[in-house]
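Dear colleague,

I am passing this structure on to you, and below it I have set out what was found when it was examined. Please keep it open beside you as you read.

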Amino acid sequence: LSDGTIQVEGTTNQSITWDSSKTYLVKGFVYVDQGGVLNIQPGTVIKGDKASKGSLIIKRGGKINAVGTAAFPIVFTSSQAIGTRNPGDWGGIIICGNSPINLPGSEGQIEGGPDALYGGTVANDNSGALKYVRIEYAGIPFQPNQEINGLTLGGVGSATEIDYIQVSYCGDDAYEMFGGNVNLKHIISFKTTDDDLDTDNGYSGKIQFGVILRDPNIADVSGSNGFESDNDANGSTASPGTKAIFSNISVFGPKQDTSSSVNSNFKRGAHLRRNTQTCIYNSLISGY
């Protein structure tokens with residue numbers, strides 16, 4: 001583009017690197033297919049295009065190595081001008097792996113509209129690494145009831161590394177895990193619109209050291225919760241069961257005190273239903 005930004009479209013099955021000296025614009029659904037590896041250098045800025053619902057999708061067998069540092073985080077943000085950015089300006093990041101899920105046939109179509117399947121039989125599947133990454137203003141609706149989350153992990157395996165992640169101003173869920181057993185550490189959900197931590201379809205990973213901070217004015221018509229979890233949409237006993245293990249999570253909900261006025265779409269600090277086996281240890285849930 002005229003300002004030096006590199007526009008990225010389509011699908012790759014090659015090993016490519018995004019350089020921190022450049023800015024990248026993700027236009028439409030950008031796929032890293034089986035065999036492809038996307039390496040992103042520390043300090044790189046990637047923008048999601050609003051008009052085309054820009055989204056980054058790592059398909060089964062593809063990898064992303066987005067490893068920033070505390071001083072030079074990797075930033076995924078809106079392509080809109082600073083000062084005019086809003087939740088839902090672009091899609092988000094979707095990673096699909098080959099780890100077990102509890103849907104029929106052991107695979108499913110990932111939520112949000114992309115052409116990507118998730119799930120398999122490889123518990124220690126490796127989809128790469130995300131470290132010191134900020135994801136902001138994501139969560140655009142692809143179509144009614146088909147929103148893309150800030151970070152979606154579908155059937156992602158335990159060899160994948162997810163650490164030091166901040167999702168801010170997301171138009172849907174901050175983090176949603178559909179099956180798989182990837183672990184997450186050091187995560188922040190800041191002023192998201194829908195749920196902060198959503199687990200379904202047999203997700204059984206461990207999530208430790210997290211902070212959730214809500215905006216009392218921002219909530220979703222579907223009902224906004226801190227934790228939301230289901231074994232599956234039908235509430236069946238399908239195996240593997242959804243058994244996320246959360247430890248050391250601090251949830252600061254919308255109410256500062258009992259007289260606080262908040263958006264009527266706020267529901268629960270923890271909305272646990274439909275045969276979920278969620279475990280929450282050493283955690284604080286306040287403001288609901």
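Predicted model: local features only at pLDDT ≥ 70, side-chain atom pairs only at ≥ 80, totals over all residues.

**Around tyrosine 31**

Lysine 59 lies over the face of tyrosine 31, at 5.2 Å from the ring centre.

The structure holds nine aromatic pairs. One of them joins phenylalanine 29 and tyrosine 31, whose ring centres are 6.4 Å from one another and whose planes are at 80 degrees, an arrangement that is edge-to-face. Tyrosine 31 is itself buried, since its relative accessible area is 12% and a residue counts as buried under 20%.

Another pair is formed by phenylalanine 266 and tyrosine 288, and because the centres of their rings are 6.3 Å apart and their planes are at 75 degrees, this pair is edge-to-face. It connects distant parts of the chain, 22 residues apart, with phenylalanine 266 placed in the loop between strand S24 (245-252) and strand S25 (270-272), and tyrosine 288 in the segment after strand S27 (284-286). Phenylalanine 266 counts as buried at 10% relative accessibility, whereas tyrosine 288, with a relative accessible area of 32%, is partly exposed. Elsewhere, Tyr137, Tyr169 and Phe190 form one aromatic cluster.

**Salt bridges**

Side chains of opposite charge can pair when their charged atoms come close. In the whole structure, a search finds 10 salt bridges, and I describe some of them here.

Arginine 134 and glutamate 136 form a salt bridge in which the closest N and O atoms are 3.0 Å apart. Of these two residues, arginine 134 counts as partly exposed at 29% relative accessibility, while glutamate 136 is buried, with a relative accessible area of 10%.

Aspartate 196 forms a salt bridge with arginine 214, and here the closest N and O atoms are 2.7 Å apart. This pair links distant parts of the chain, 18 residues apart: aspartate 196 is in the loop between strand S20 (183-190) and strand S21 (197-200), and arginine 214 is in the loop between strand S22 (206-213) and strand S23 (227-229). Both aspartate 196 and arginine 214 are buried.

The side chains of aspartate 230 and arginine 273 also meet in a salt bridge, at 2.6 Å from N to O. Because aspartate 230 lies in the loop between S23 and S24, and arginine 273 in the loop between S25 and strand S26 (279-281), this pair ties together parts that are 43 residues apart in sequence. Aspartate 230 is buried, with a relative accessible area of 3%, whereas arginine 273 is partly exposed, with a relative accessible area of 29%.

**Strand S10 and the strands paired with it**

Strand S10, which covers residues 74-78, is mostly covered, five of its five residues being buried. S10 pairs in the parallel sense with strand S7 (residues 45-48) over four bridges, and within this pairing serine 78 in S10 is the bridge partner of glycine 48. S10 also pairs in the parallel sense with strand S14 (residues 128-136), this time over three bridges, and there phenylalanine 76 stands opposite isoleucine 135 in S14.

**A surface patch and some details of the backbone**

Which residues make the nonpolar surface patch of about 370 Å²? The patch is made by Ile188, Val211, Leu213, Phe252 and Leu284. Among them, valine 211 is found in strand S22 and is partly exposed, with a relative accessible area of 39%.

Some points in the backbone also deserve a look. The peptide bond that runs from serine 239 to proline 240 is cis, with omega near 0 degrees, and proline 240 is found in the loop between S23 and S24. Lysine 53, in the loop between S7 and strand S8 (55-58), has a phi near 55 degrees, which is a positive value in a residue other than glycine; lysine 53 counts as partly exposed at 26% relative accessibility. Tyrosine 164, although not a glycine, likewise has a positive phi, of about 60 degrees; this tyrosine 164 is placed in strand S18 (residues 161-168) and counts as partly exposed at 31% relative accessibility.

With kind regards

Definitions and conventions
Residues numbered from 1 in each chain as written. Heavy atoms only, no water. Phe/Tyr/Trp six-rings, centres within 6.5 Å; stacked < 30°, edge-to-face > 60°. Buried < 20%, exposed > 50% of the residue type's maximum accessible area, 1.4 Å probe, protein only. Helix = DSSP H or I, 4+ residues; strand = E, 2+ residues; numbered from the N terminus. Lys NZ or Arg CZ within 6 Å of the ring centre and 35° of its normal. Salt bridge = Lys/Arg side-chain N within 4 Å of Asp/Glu carboxyl O. Pairing = 2+ DSSP bridges. Patch = residues over 30% accessible without salt bridge, like charges linked within 9 Å, V, L, I, M, F, W, Y side chains within 5 Å. Areas by Shrake-Rupley, 256 points an atom, 1.4 Å probe, with all protein chains shown as cover.
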